[in-house]
Amino acid sequence: MFSLGAIPGLVVGVLIGVGLAAGASDESTAGIETALEDCSLTAETSGVYVLDDGQALELDGSGEGVLSGGLDTDDQVCVLDGLGMPESGYSRMSSTRALDGTQTISWDAFRASWTYHPDDGLDIIVEPADG
């Protein structure tokens, strides 16, 4: 049974949790904007798709296929560097094969998922880690 004294504590806990989640989303948006600017990329750049009101990002890499996104690996690395992805993420991405399916890694305020196929290239989605 709850006592009436526990209710204010519960309310404060919920509000703190909501505030932390909002803070992480704000950090994601600011981080993505800054990373794109530092890499001289915009939402109009081929292969760059800003999603969810700036809180998420798709980096559609170039591959051998006609319909691949066209963003080169150097630009993908630049953005991921700007978002602070750890070296282990690059190692995992560079060893991903087409047969491996979707892979993920989380760090700080971000989570990235990616696939690789020679025809499509390396396709990466970066979103808030709390989302």
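Author: A residue counts as buried when its relative accessible area is under 20%, as exposed when that area is over 50%, and as partly exposed in between (1.4 Å probe, protein chains only).

What you see is a predicted model, in which local features need pLDDT of at least 70 and side-chain atom pairs count only at pLDDT 80 or more, while totals for chains, interfaces and linings use all residues. Residues are numbered from 1 along each chain as its sequence is written, and side-chain values use heavy atoms, with hydrogens and water left out. The score pLDDT is the predictor's confidence in each residue, from 0 to 100.

Valine 50 belongs to strand 1. Its relative accessibility is 36%, so valine 50 counts as partly exposed. Helices (H or I, at least four residues) and strands (E, at least two) are DSSP runs, numbered from the N terminus. A contact means heavy atoms within 4.5 Å. Leaving out residues up to four places away in sequence, valine 50 touches Leu36, Ala43, Ala56 and Leu57. Isoleucine 32 is 18 residues from valine 50 in sequence, and the C-alpha atoms of the two are 8.7 Å apart in space.

Two strands pair if DSSP finds at least two bridges between them. Strand 1 and strand 2 (residues 56-60) run antiparallel and are joined by four bridges. One of the residues involved is valine 48, whose bridge partner in strand 2 is leucine 59. The hairpin of these two strands has four residues between the strands, and aspartate 52 takes a positive phi near 50° there.

Strand 2 is mostly covered, with four of its five residues buried.

A nonpolar core is a set of buried Ala, Val, Leu, Ile, Met, Phe, Trp, Tyr and Cys residues joined through side-chain atoms within 4.5 Å. The largest such core has 23 residues, and Leu57 and Leu59 are among those with the most contacts inside it, as are Val79, Leu83, Met93, Ile124 and Val126. Two or more residues of this core come from each of helix 1, strand 2, helix 2, strand 3 (103-107), strand 4 (110-117) and strand 5.

A search of the whole structure finds one disulfide, and a disulfide is defined here as a pair of cysteine sulfur atoms within 2.5 Å. It joins cysteine 39 to cysteine 78, with an S to S distance of 2.0 Å. The angle about the S-S bond is -100°, and the link is left-handed. Cysteine 39 lies in the loop between helix 1 (6-38) and strand 1 (48-51), and cysteine 78 in helix 2 (residues 73-82), so the pair ties together parts that are 39 residues apart in sequence. Cysteine 39 is buried at 10% relative accessibility, whereas cysteine 78 is partly exposed at 27%. Serine 40 sits in the loop between helix 1 and strand 1 and is exposed, with a relative accessible area of 67%.

Finally, the setting. The protein chain has three helices and five strands, in the order α-β-β-α-α-β-β-β from the N terminus on. Buried residues make up 32% of its 131 residues. The average pLDDT is 83, and 78% of the residues score at least 70. Over residues 1-24, pLDDT stays under 50, and the model has three contacts beyond four places in sequence for them. Where pLDDT is low, the predicted coordinates should not be read in detail.
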